[in-house]
Amino acid sequence: MWFKSSSGKQPDVTQSRQLDARKPQQKRHYGEGIEQLAENWLMQQGLEPIERNYGIKAGEIDLILQHEQVLVFVEVRYRADDKHGSGAESITYQKQRKLRKTAEHYLQKQFGNTPPDCRFDVISASGNPVVFDWIKNAF
């Protein structure tokens, strides 16, 4: 190895790989909980849930809801703190493109040539307890 701990011993690489392998699952599980909280919060705001975690090879949409006559595609982002910016700031142009492609697939599959009006919203969640910032028509 190219590094040594301060005690001069080599680190146990097997153990660190095992910890790293569990981390994405823990994040995904926690993320699903945040998405559920966001969905419940949006329902309190008057939106009706249609689908969760709609995915194709191009990407995934966290929540699809109905708001009056508008179909709403929602990306949920969580940050424990704002050291690295808000969750909304982490949505890159590439992520927006993936969301659009996934939404186009959903619209074609569900509505064919007569899609409803739709928009893309972002729920930026932060803190503990979780606080939501709802950005309508985000992109």
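User: If contact means heavy atoms within 4.5 Å, which residues does Glu-39 touch, leaving aside its neighbours within four places in sequence?

Analyst: With those neighbours left out, Glu-39 is in contact with Pro-49, Arg-52 and Leu-63. This is a predicted model, in which local features need pLDDT of at least 70 and side-chain atom pairs count only at pLDDT 80 or more, while totals for chains, interfaces and linings use all residues. Residues are numbered from 1 along each chain as its sequence is written, and side-chain values use heavy atoms, with hydrogens and water left out.

User: Is Glu-39 buried or exposed?

Analyst: Glu-39 counts as buried because its relative accessibility is 8%, where buried means under 20% relative accessible area, exposed over 50% and partly exposed in between, with a 1.4 Å probe and protein chains only.

User: And where does Glu-39 lie?

Analyst: Glu-39 lies in helix H1, residues 13-44; helices (H or I, at least four residues) and strands (E, at least two) are DSSP runs numbered from the N terminus.

User: Changing topic, how many aromatic pairs are there?

Analyst: A search of the whole structure finds six aromatic pairs, counting rings of Phe, Tyr and Trp (its six-membered ring) whose centres lie within 6.5 Å, with planes under 30 degrees apart called stacked, over 60 edge-to-face and the rest tilted. One of them joins Phe-73 and Tyr-106, whose ring centres are 6.0 Å apart and whose planes stand at 85°, so this pair is edge-to-face. Phe-73 belongs to strand E3 (residues 70-79) and Tyr-106 to helix H2 (residues 93-111), so the pair ties together parts 33 residues apart in sequence.

User: Are Phe-73 and Tyr-106 buried or exposed?

Analyst: Phe-73 and Tyr-106 are both buried. Another pair is formed by Phe-120 and Phe-139, with centres 5.0 Å apart and planes at 20°, so it is stacked. Phe-120 lies in strand E4 and Phe-139 in the segment after E5, so this pair ties together parts 19 residues apart in sequence.

User: Which residues do ring pairs link into a cluster?

Analyst: The cluster consists of Tyr-54, Phe-73, Tyr-106, Phe-120 and Phe-139. Within it, Phe-120 is buried at a relative accessible area of 12%, whereas Phe-139 is partly exposed at 23%.

User: Now the backbone: which residues does a cis peptide bond join?

Analyst: A cis peptide bond joins Asn-128 and Pro-129, with omega about 10°, and Pro-129 lies in the loop between strand E4 (117-126) and strand E5 (131-135).

Definitions and conventions: Contact means heavy atoms within 4.5 Å.
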